[in-house]
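Please find below a briefing on one protein chain, prepared for a reader who has the sequence and the coordinates at hand. The points are grouped by topic, from the chain as a whole to its local features.

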Amino acid sequence: MVAPTEYYNPPFPLLRRALAIFSIEGSDKNLLTLLLKIVGDGTKKLASLQAGDFLNMTGPLGQGFDTQIALGRKALIVAGGIGIASLYLLAEQLTQQGNEVTLIYGGRSAKDLVCLDYFENLRLSKILTTEDGSLGLQGRVTKGLETYLPDLSETNTAVYICGPNPMMKAVSDEIVPLGIPCQVSVETKMACGFGVCLGCSVKVDGQYRLACTHGPVFESAGFEWEEDSESRETG
C-alpha cells in the first residue's frame, strides 16, 4: 500500500494505493520496483515522483502465488494489461525452480504490453496478443490461450492468472473444468490493506474472504465471479 509522502496529507489522498511488487533486483536484492498505470490523481502523483523522493509504504501484504503447485508440471502464466505487474517475480521464481514456463500476455495494443524486456532475460516462451493486431496474434488473451489449450491436462500443467476480472473469468472458465490447478490474483478496491476495513471482500467457496489478507491470490476453482466485478483501477 503506497502513497507519495509529499502528498500524503489526509483527507486527500485519504488512501494509499494497492500495488504489486514487480521485481526485486540489485546485488544485495535491495532495489524494489513497482509498476503502475496512471488512472487517477493518486497514481498520477506516484508517477510524478523523482529520484530522492520518499514513499509512504506499508508492506509486503497479502498472500502470493504458490509455486509448489507447479512442481513436476509446466507452468502457464496468463496476463492481461497491467496485470503483468504481479507476474514477473512469479515467472522468475518458476524458471529458477526448473519449470518450463509459457507466458500469454494480452492488451488492447502493442503499447499496453509493457516490460517485455524483463521477460526476455528469463527462460520462457511467449504468446502475445493485441486486440488491434499491432503485436502478436490479433484478439483478446483468450485467443492466445486457444493455441495452448490442446497441450493442457490436469496432470501436466499449472496456471496462474492476473488481469482485469472479466479476462480472468474468461480464462478460468476454460481452465477450471479441465481440473487443472489454477490460481488468480484478483483485482478489487482496497482501502487499508491489512484486514481492518473489510472493504475488499470477495466470495470464495460460498464464504466471504478479504482480498488483502486471505488473497489477493485465490484458487480459481473456488472463486465466485460477480457480474459487476470491477478492476482495481481506482487511481
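**Overall picture**

Of the 235 residues of the chain, 43% count as buried, and it should be kept in mind throughout that this is a predicted model. The chain holds five helices and 14 strands, and its C-alpha trace spans about 55 × 40 × 40 Å along the principal axes.

**Chain dimensions, contacts and surface**

- Among the contacts in the chain with a separation of 6 or more, 60% are accounted for by residues 24 or more positions apart.
- The chain exposes about 11,900 Å², of which carbon and sulfur atoms supply 49%.

- Helix 2, which covers residues 88-97, is mostly covered, since seven of its 10 residues are buried, in the sense of having under 20% relative accessible area.
- The buried residues of this helix are Tyr88, Leu89, Leu90, Ala91, Glu92, Leu94 and Thr95.
- These buried residues pack against strand 2 (21-25), strand 5 (74-80), strand 6 (101-107), strand 7 (124-130) and strand 9 (157-162), and also against helix 3 (116-120).
- Just after helix 2, Gly98 adopts a positive phi of about 100°.

- Strands of a sheet pair through backbone hydrogen bonds, in either a parallel or an antiparallel manner.
- In this chain, three strands form an open sheet in the order 12-11-14, with antiparallel pairing.
- Strand 12 (207-210) and strand 14 (223-224) stand at the edges and have a single partner strand each, so one side of each is left without a neighbour in the sheet.
- Strand 11 (residues 201-204) runs antiparallel to strand 12 and is joined to strand 12 by four bridges, and the bridge partner of Val204 in strand 12 is Gln207.

**A nonpolar surface patch**

- Ile24, Leu32, Leu55 and Met57 make a nonpolar surface patch of about 310 Å².
- Leu55, one of the residues in this patch, is found in strand 4, which covers residues 55-57.
- The relative accessible area of Leu55 is 37%, and Leu55 is therefore partly exposed, as this class lies between the cut-offs of under 20% for buried and over 50% for exposed.

Methods. Residues numbered from 1 in each chain as written. Predicted model: local features only at pLDDT ≥ 70, side-chain atom pairs only at ≥ 80, totals over all residues. Heavy atoms only, no water. Pairing = 2+ DSSP bridges. Helix = DSSP H or I, 4+ residues; strand = E, 2+ residues; numbered from the N terminus. Patch = residues over 30% accessible without salt bridge, like charges linked within 9 Å, V, L, I, M, F, W, Y side chains within 5 Å. Areas by Shrake-Rupley, 256 points an atom, 1.4 Å probe, with all protein chains shown as cover. Salt bridge = Lys/Arg side-chain N within 4 Å of Asp/Glu carboxyl O. Buried < 20%, exposed > 50% of the residue type's maximum accessible area, 1.4 Å probe, protein only. Contact = heavy atoms within 4.5 Å.
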